[in-house]
Amino acid sequence: MKQNLRADALDIFQAGLRSVDSFSAVQTHFFLEKEVLSVNGKTYLLSDYDNIYVLGTGKATAAMAQAVEEVLSKRITAGFINVKYGHTRPVKYITVHEAGHPVPDAAGLQGSEQIIRLLQSAGEKDLIIFIVSGGGSALLPSPVQGLTLKDLQETTQTLLEVGANIDEINIIRKHLSRLKGGRLAKLAYPASLIALILSDVVGDHLGSIASGPTAPDESTY
């Protein structure tokens, strides 16, 4: 009886892991038929775009990038994602850049600057696919003018030590960042933008996941 219970428990556990697998999650909602890209029911004709850029941030984005590459392969012009140290996976067309989490570091700042450069290079006839997962906020540090990386580090550490919840932490992060709280989407304009977001936040509020780089900021200062 105990062996049966253990086997059942392991089956349930493995089923839970499969259900949130980041590679599979992208495959379910992101696929190509001839030259028509379907994303959660919305379609994009790839011949309408001169370039396709794949950018992203988060602990699970390397696996998500693999799934995107499997669909688009050589159609990808360039790509760059920030992941936590040790969370890489082999990809061909997208650069995987390791950085610090949960406290941002200089590597994360360097990666964010590269993402900004690619965003700024995109024009009206380009498509940006931005992939996001848990941990994306710490992995996308880009302080507003007047602040430094050290300011972000000290603020993050203080919030973690006092037990602030993720919504509280990310509201503050948004207001210290050049990219969070929808500012990344603003920077991407006039290119077309698709966001593939893997939630680690209860309630799946888009403004809270990775501090909502592609979602409107509903909070206030």
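Biologist: What's the volume of the second largest cavity?
Modeller: About 30 Å³, counting a volume as the space filled by probe spheres set on grid points joined across faces, edges and corners. This is a predicted model, where local features need pLDDT of at least 70 and side-chain atom pairs pLDDT 80 or more, while totals for chains, interfaces and linings use all residues. Numbering runs from 1 along each chain as its sequence is written, and side-chain values use heavy atoms, leaving out hydrogens and water.

Biologist: Which residues line that second cavity?
Modeller: Val132, Ile197, Leu206, Ile209, Gly212, Pro213, Thr214 and Ala215. A cavity is a set of points on a 1 Å grid over the protein atoms alone where a 1.4 Å probe fits but cannot get out, and lining residues have an atom within 4 Å of a point.

Biologist: How many cavities of 30 Å³ or more are there?
Modeller: There are 2. The largest cavity holds about 130 Å³ of space. It has 15 lining residues, and Pro104, Leu152, Thr156, Arg173 and Lys180 come closest to its centre.

Biologist: How do the linings split by class?
Modeller: For the largest cavity, 8 nonpolar, 5 polar and 2 charged. Ala, Val, Leu, Ile, Met, Phe, Trp, Tyr, Cys and Pro count as nonpolar, Asp, Glu, Lys and Arg as charged, and the others, Gly among them, as polar.

Terms used
1 Å grid on protein atoms, 1.4 Å probe; cavity = no way out; pocket = protein on both sides within 12 Å on 5 of 7 lines; lining within 4 Å.
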